Amino acid sequence: MHHTSARSPIQTPVVVACCRTAIGRSHPERGLFRQVRGDELAAAVVKEVVNRSGVDPDTIEDLVLGATQQRGELGGNVARAVVLLAGLPFSVAGTTVNRLCGSSLQAFSQACHAIAAGAENVHVVGGVEHMHHLPMDSAIAIHPQAFARSSRGILSMGMTAEHLAAVNGISRRTQETYAVESHRKAALAFDHGLFEDEIVSVLGHDEGGAIVEVLEDQSVRNDTSLAAMAVLEPVFLPKLGTITAATAAPLSDGAAAIVVMSLAEAQRQGLEPLVRVVGTAVVGVPPAMMGTGPVAAVRKLLTRTGIAIGDIDCIELNEAFAAQALYCIDELRLDPARVNTRGGSLAIGHPLGASGARILTTLIHAMRDGELSLGLATMCIGFGQGIAVLVERIKA
Amino acid sequence: MPASVPLRRTQTLTWLENGVAMLSFRVPDQSHNVLTAEVLSDLAATLQDLLAGPVLQGLVLVSAREGSFFAGADISQLEQLPDQPAAEIERLCAAGRSLFGQLSSQPWPTIAIIDGGCLGGGLELAISCDFRIATTREQTMLGFPEVKLGLLPGWGGTVRLARLIGLGPAVELAVSGETVDGQTAVRMGLVDACVVPERAIESAQRLIAIEGATRGFLKRRQQQAAAIDLDPHERDFLFATSAAVIMGRTGGHYPAPMMILETILAGASQTAEAAGPGEGEAFAKLASGPIAAQLLRVFRLGERNRRDIGIDSRNAQTPIPRAPGQAESQGYSARAVMPLTRSVIAPAVIGAGIMGAGITASHLRAGFSVMLIDLDPITLAKSVGGILDEAAWSRATKQTDSARALTLAGKLQTSTQLAAIAGSDLVIESVLERRDIKRQVLAAIEQVVRPETVIATNTSTNPITRLAEALVDPSRFCGIHFFNPVRRMTLVEVVCGPDTSDATIAIAVAHAKRLGKCPIVVRDSPGFLVNRLLMPYLHESVEMLRGGIEAKRIDRVARAFGMPMGPIELYDMIGLDTAFYAGAVLSEAYGDRIEASPVIPALVRSGRLGRKSGTGFYQYSPSGGQRARIERPDEGVAELIAPYALPVRPMTDEAISNRLFLPIVLEAVRVLEEGIVRDGRDIDLAVIHGLGFPAFRGGVLAWADSLGVAEIVKRLEPLADLGARMHPTEGLQAMARTAAKFTQL
């Protein structure tokens, strides 16, 4: 999948459609999706993305969904359940993958690898998470010896981010300034209708319990400020910490889906591809350095594709924590003006398994709107991993 | 049959088949195996003998005591450490390390069978062997409780543990002092297998056969001897996060946890051999410091309390009343070895309010069937859900175990009729804190129950003597004062009135222990013991508020002293209305020292009742209930205090601290002088468990001794103008002159 390689159309993965739900807060009383199941959110975006793409459903081979909490309503290989819920033909297979926060970017990457290998032709990929119904810290029993080379503290992503902030001198104020900016950009994008195309209408419930059409991300605020953030207590490290609810991504519910196929198949079906996939990379880092994952993953991807960071026009860097995003921007020398131009997960929300497909969806729409050529989506992943995907816009 | 040789006083050697020897430990004159000097010297001699003898296939270490491997070091030897020079302590550590080190330098594999408690030095011994097999027995618990005594594992434990299970997990285990069972231990890699007790020896032999054949034990030895290769990022993260957690938990008052963290990390980068002396040095530093000495003493206070039957032995032969016609064999006898401890079988609780419900739940938790009475059917019905929730609460899962709740529901009987307690042998009355009501209820109880039934009242403010007047037979009556919340507060005051019999006290004390509580016997006096010591402290904090000292500052000084929260926060927690009533009782009794402060009723009148009303001295965040965060001092309070303002006194933090804590010492001295407690040690135990007085200071009397009585008197001098409450008693002045001490460490 290299940039320069002259890959045959049958082995060139392209995206023909992508969409997402608005992201709800995971809140038992106020969450817009508190009465909507995660699999329902997934089915809604899968159904819609197939419709929008115009792909012949009988040609879809597999549905690959990312989800980090694969139990309850997202258990038992939820991807296959979503095939049935979304009314896709029985012939569409389904598999659910888990790379924690990178799950749906992983779903996308492996579909691309299969196409690039000439093994598969048409996939629907995506991700889903319902952090209210399926909290991330329950029903997990990691083997204690898995901590023998690290420590149990790595289970707290917040502590790893605190550590990153402390070691790199990223002040609370700097983090808050970054978070305010994330909200400002997202609110502005909503004001200008920039999310209209990517967000699929789903019914949820407002605070009073009445149904409501959910079209806007619930956590985005247009009224936040440094002063409002300054009064919050540190959440992970009482008193001493620098990270508060404002500078950590909110717990969220949501889903996103993408249709990916070979360029040859898109042409055969008369579909207009949006982007070509240039390359992907995953990497492991010390678990305590979880937040640095994107740095290692992006470096690997750049080496692999021969592309320089300066050539990339648009970057979606998942904001698990402001501290971690700031570290990556600094370390990779990213141009802040090209990063998360429509706000990031600090504002929009971070439904873990859905976030990869969410940022890729936002990236592709931003590239389309801005007629930008090269786009990068990258994320940090708990337990010390990074993932990155590079795409190139196909000019219509 | 394998031959067994009683080799030495503490050890027996048994020859198993295939050249495997088994060394069994039984330490005489101790209830558990502990690592006495004799055990260590015997072990050294035995290892010498074995080396000189025929080649073994392996050596198995096992305890000959069922349900216990080694409970740890010999506490009485630890107690002597503070008097020894650091170099001598380090020499003792080195000797222990070297002896234990021999267990993994034998020509054959060594293996410990851990079938029962394996703590502290016992676990150091076990992890010095090449392998370990734990059993599934309930008593099989492994851990390093040294930290709770202000110490660290000093016989190579920190060094070996980190190599065995990894740095992070080692820090976690040794810093927390918590224990793990056999199954958990095998998952952690602390032991190599966990089997049913009866297959342990067989399993050990199999492991020896496998490891002997593959020479796997030599690989293990290499791993245990080498430095630990840890990613520097992980190392820094481990240190930073652990240090933050430790500082959060200890407030910097307890040096051992931090020392353990530092010792484990420092030892990791060296070979085990090189790391040993650093551990010994750290151990010596802790062992010769004042905090370990205090914590050891507090540990001893707890042990003493567990053995104390609540009455002095000279009275222990007093016969207890027996029902007419009841045969001696039916439960208790005046001639039995411990004639006064009769087990309660059918307890009853009267009153289903917060305290009654808590007391009932603690009975269910302890396995009792209990009868709960409340005349109001609605209160009664409402209380049941909460009682079962609390009784079936699982600390492990942090939620109610619903299956257990269902079982316990069968053990909880409720009735609105007092007649239902006719068969009870202990009745705990816990109705409203109103003397007239309590007296009525107590008299009614006496009408219903059998003559030998013990009747107790749970009260914090009513004199037992007054309540006893309501009874025909006051000898069977006492106070059992539980603290709120009952599930968390282990302290219980058993209060005796002038007529309370020894038998009644002994039964109440034994019963409190069966509830898992720590009972202290006190003579009836207003406020009993704990509230009497608490009130001068609370009172003084409000006096300082009136003198213009900020609430936050007072609380900060108290926390810095080591209290879990400051007095002003505590007022809000207790509830200002509750504090007002309790204060009124005490000021009536001790008016010369504790005047009823006008500030508290002023706050109550303004609707500031503390946490429960969202505002008291402080304002609380609207959500969070009892855990709500303090948002800021309530601005209206200053206005309420203004009419009662006292002359402003410039105060240093040290002066604030003296004003808060010296009155507790003075009150404790009066308690001693009045003979309210049977032993001064009870005071120290009570303030630690009942007031949260810092354990590292050893309790209020131990703290006084650490300053010296003369110093206490000196510090009181500049406060003398505050009134009688700051004046030393004559007894205290006499002690100051003779440099006498309250306690003996």
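Analyst: Two strands are said to pair if DSSP finds at least two bridges between them. This model is predicted. In chain B, strand 17 and strand 18 (residues 454-457) run parallel and are joined by four bridges.

User: Which strand pairs with strand 12 of chain B, and in which sense?

Analyst: Strand 12 (residues 347-350) of chain B pairs with strand 17 of chain B in the parallel sense, over four bridges. There, B:V427 in strand 17 stands opposite B:A348.

User: Which helix forms a β-α-β unit with strands 17 and 18 of chain B?

Analyst: Helix 17 (residues 435-448) of chain B does, and the β-α-β unit is right-handed.

User: Where do the side chains of strand 17 of chain B point, and are they buried or exposed?

Analyst: In a regular strand the side chains alternate between the two faces of the sheet. In strand 17 (residues 426-429) of chain B, B:L426 and B:I428 point one way, B:V427 and B:E429 point the other way, and all are buried.

User: What is the phi of B:K398, and where does B:K398 lie?

Analyst: B:K398 is not a glycine, yet its phi is positive, about 55°. B:K398 lies in the loop between strand 14 (393-394) and strand 15 (399-400) of chain B. B:K398 counts as exposed because it has 7 C-beta neighbours inside 10 Å.

Technical notes:
Residues numbered from 1 in each chain as written. Chains lettered and ligands numbered in written order. Predicted model: local features only at pLDDT ≥ 70, side-chain atom pairs only at ≥ 80, totals over all residues. Helix = DSSP H or I, 4+ residues; strand = E, 2+ residues; numbered from the N terminus. Buried ≥ 20, exposed ≤ 12 C-beta atoms within 10 Å, placed from the backbone. Right-handed = clockwise from strand over helix to strand, strands pointing away.
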